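Reader: I am new to this structure. Please show me how to read it, one feature at a time.

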Amino acid sequence: RCNLSRLYTIQSLHSRFVCLKAKGLVVILFHGSETVMVYNDTCRAIRPSERTLMDWEINVNIPLDRARDITPQGRIHRGFHQCFREEIMRHIAPLLPHTDPVMDLWLVGHSLGGALALLCGMYVSHRYPALGERTSVYTMGSPRVGDSDASSALSRGVRLLLHTQTPRDPIINTPPRILGYADNPGQHVLL
């Protein structure tokens, strides 16, 4: 039985997330990339929706950048970092249970949402180390988010990292390792 005390929904230009607060737990769910097509009156796809194009604008902005505001070590995906910094960070901070020593935090996301959940895990472990020890990150089909130093910092900073994925999902292998990206840290479960 869940004793839900608060529900917040935040939607900005490129990102959407929901925060659920219950006794002893805060869950933040990050929305993934949207693949929506605009159809004409004969039901033929004529172009991707505006939101789909905006999501892909983030996804393909792949150079690795230093991001000291999120993690003290390593470099992370430029597009994911910009989205998190400009659209999510200011909304997340007031929702975090960093002053409550018994509240746990779960960060959950699919695809682009999984990448943002991982960045949020980096942010929490860097800014609120005690909360990082009570933070779990669950992703489904998430792309890689940073280099090996950023991945190591994340794996040391949070309690649990669990990734579910299907073997043929191309998203889990992007961006490629040849560009300096490392696999996301934690346990990987193949479905």
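Reader: What share of the contacts with a separation of 6 or more comes from residues 24 or more positions apart?

Author: A contact means heavy atoms within 4.5 Å. In this protein chain, residues 24 or more positions apart account for 66% of the contacts with a separation of 6 or more. The model is predicted: local features need pLDDT of at least 70, side-chain atom pairs count only at pLDDT 80 or more, and totals for chains, interfaces and linings use all residues. Residues are numbered from 1 along each chain as its sequence is written, and side-chain values use heavy atoms, with hydrogens and water left out.

Reader: How many helices and strands are there?

Author: Both are DSSP runs, numbered from the N terminus: helices are H or I with at least four residues, strands E with at least two. The protein chain has 5 helices and 11 strands.

Reader: How much of the chain is buried?

Author: Buried means under 20% relative accessible area, exposed over 50%, and partly exposed in between, with a 1.4 Å probe and protein chains only. Of the 191 residues in the protein chain, 50% are buried. Take Ser136, in strand β9 (residues 135-140). Ser136 has a relative accessible area of 2%, so it is buried. Beyond its neighbours within four places in sequence, Ser136 touches Leu105, Trp106, Leu107, Arg159 and Leu160.

Reader: How do I read an aromatic pair?

Author: Use the distance of the ring centres and the angle of the planes. Rings of Phe, Tyr and Trp (its six-membered ring) pair if their centres lie within 6.5 Å; planes under 30 degrees apart are stacked, over 60 edge-to-face, the rest tilted. This structure holds 4 aromatic pairs. Phe17 and Phe30 make a tilted one, 5.7 Å centre to centre with 40 degrees between the planes. That pair links distant parts of the chain: Phe17 sits in strand β2 (residues 16-22) and Phe30 in strand β3 (residues 25-30), 13 residues apart. Phe17 counts as buried because its relative accessibility is 2%. Phe30, at 5%, counts as buried too. Tyr123 and Tyr128 pair edge-to-face, 6.3 Å centre to centre and 80 degrees between the planes. Ring pairs also join Phe84, Tyr123 and Tyr128 into a cluster.

Reader: Where is the kink in helix α2 centred?

Author: The bend at a residue is the angle between axes fitted to the seven residues ending there and the seven starting there. Helix α2 (residues 78-92) has a kink of about 45 degrees, centred on Arg85. Buried residues in α2 include Phe80, Phe84, Glu87 and Ile88.
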